[in-house]
Amino acid sequence: MGVHVPSVTGRERLEYDVRVAAALDRVEVRVCPSGFRVERLNAPSPGAARFLEAGKVGTPESEASCSGECEGVDLPATKRDECVSYAVTLPEQSPDATSLRRVGRDRLASPDLWLWVPTPRPAGVSIHARLELPAGVSAALPWPSLPLTAQPGSPIEFSVPETAFAWKAAGAFSHAALEPLSPELSWVSLGEGFEHAADVRAWILEGARSASLLFGRFPVPHALLIAVPSDRPGPAFGMALRGGGAAVTVFLNRHADAAALRRDWTTSHEFLHLGVPRLPLEDAWLFEGLATYYTEVTRARAGLISPEQAYQHLLDGFERGRRAGGALTLREESEQMHERRSFQRVYWAGAALALLTDLSARRAAGPTLDSALRSFAGCCAASEEEWTAERVLARVDAALGAPRFTELSRQWLDRREFPDVGEALRALGVAPGSQGRAVFGRGHDAALRDAIMARAAP
Ligand SMILES: [Zn+2]
């Protein structure tokens, strides 16, 4: 969908006027180009067309239809600078409840369901959205908001990064206001919120703090966290998304208390994801592997778990990953991770490669994987370019001063066996004892074992 034409004036604009209905079940959108013509309007994500009201897009003189699983509508009769309009209904439930659902009076509604996408666009077109919201409702969107009006009830304006048109995004309309937790992080909880809201807030901040230990600071200039209370028991489920800006959606049991939250690593893990730009699904082994390994490492460094617990979790995870695979190579399992639900395999094989790279760098006593990831995040965490694992690893290896990660990935990506961590664990003096309980012995790299998890200065 990244179809561009050369800019003529360098000043082309695209304006969205979005009016959200009082019940938050409908948005009316007017899309106005300035300096070009809307030739085609595309569904912003697969399946989004089913929410297009009456399957229609209107122009001042005509209507165009888009029904069923259509991908977009051609608008052959539009003129330069002519607006087109459409409406999207937001049902209470949808096939993908992680991007659209009703939560009490509020609505989780990812903009990739309602922000239709014109093509072709002049390169570098500046995109703005003006949202008119019902009284008392705020828009939780990852887009940078523009300092404007400031009068209560007046529309709010956003500058919309073009990644909003290409990548999965998070978003919600909420009766609660966005609350800043730090200069880099705002959050909102939907619906009735959480029974232990102060504990949930503290848990989000702990996650941000532990992830920041790896990068030396919060990995991106700004992120939005949308917390969705649910009745589902057990630990939280989170997603780090990049469409239109960095955002994390977390689904968490509404009764989760401080004790349950202390055991829950979801926020640490999701914020770690923000240290690496968006990667395609076939590179999930790297994206998830880094976050999975460093979830344990940074939580130990933050004092949220002990180093022994961190190694126990790594041993357990490697074992689950080893048992879960074997039919396909790691590269194939990553490509088909969602269809085959091979999460354990992909996450933990990637984590194993991260541990092996970390250890090889520490043995060489040069730059560590920590410092390489820190410098990488400094340049590229908020990048809006299309990245691949290969490109990320080239940068990380350049910072490591040797192609450590690239070579390990070449060694293991096309094999069915789980990466061999036996030698590394023996050297670190970490062994699965009876019933899998970690036993810590001597090992010639025992000092590195302790260094990896060493408690950070507060
Ligand atoms: Zn993850």
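**Helix packing and a domain contact**

Reader: Does helix 4 pass helix 8 in a left-handed or right-handed crossing?
Author: Helix 4 (284-301) and helix 8 (343-364) pack together, helices being DSSP runs of H or I with at least four residues, numbered from the N terminus. Looking at handedness (right-handed if the near helix is turned clockwise from the far one by less than a right angle), helix 4 crosses helix 8 in a way that is right-handed.

Reader: What should I know about the model?
Author: It's a predicted one, where local features need pLDDT of at least 70 and side-chain atom pairs 80 or more, while totals for chains, interfaces and linings use all residues. Residues are numbered along each chain's sequence, starting from 1.

Reader: At what angle do helix 4 and helix 8 pack?
Author: Their axes (lines fitted to C-alpha atoms over the stretch in contact, with angles from 0 to 180 degrees between N-to-C directions) sit 7 Å apart. The two helices are therefore roughly perpendicular (65 to 115 degrees). The angle itself is about 70 degrees.

Reader: Which helix gives the most to the side of domain 2 that touches domain 3?
Author: The domain assignment puts domain 2 at 179-273 and domain 3 at 281-452, and 17 residues of domain 2 are in contact (C-beta atoms, placed from the backbone, within 7 Å) with 15 of domain 3. On that side of domain 2, helix 1 (197-215) and helix 3 (266-273) each supply at least two residues. With seven residues, the top contributor is helix 1.

Reader: How many Å separate the centres of domain 2 and domain 3?
Author: The centres are taken over C-alpha atoms. Between domain 2 and domain 3, that gives 23 Å.

Note on methods
Domain bounds come from an automatic or database domain assignment. Two residues are in contact if their C-beta atoms, placed from the backbone, lie within 7 Å. Angles under 35 degrees count as roughly parallel, over 145 as roughly antiparallel, 65 to 115 as roughly perpendicular and the rest as oblique.
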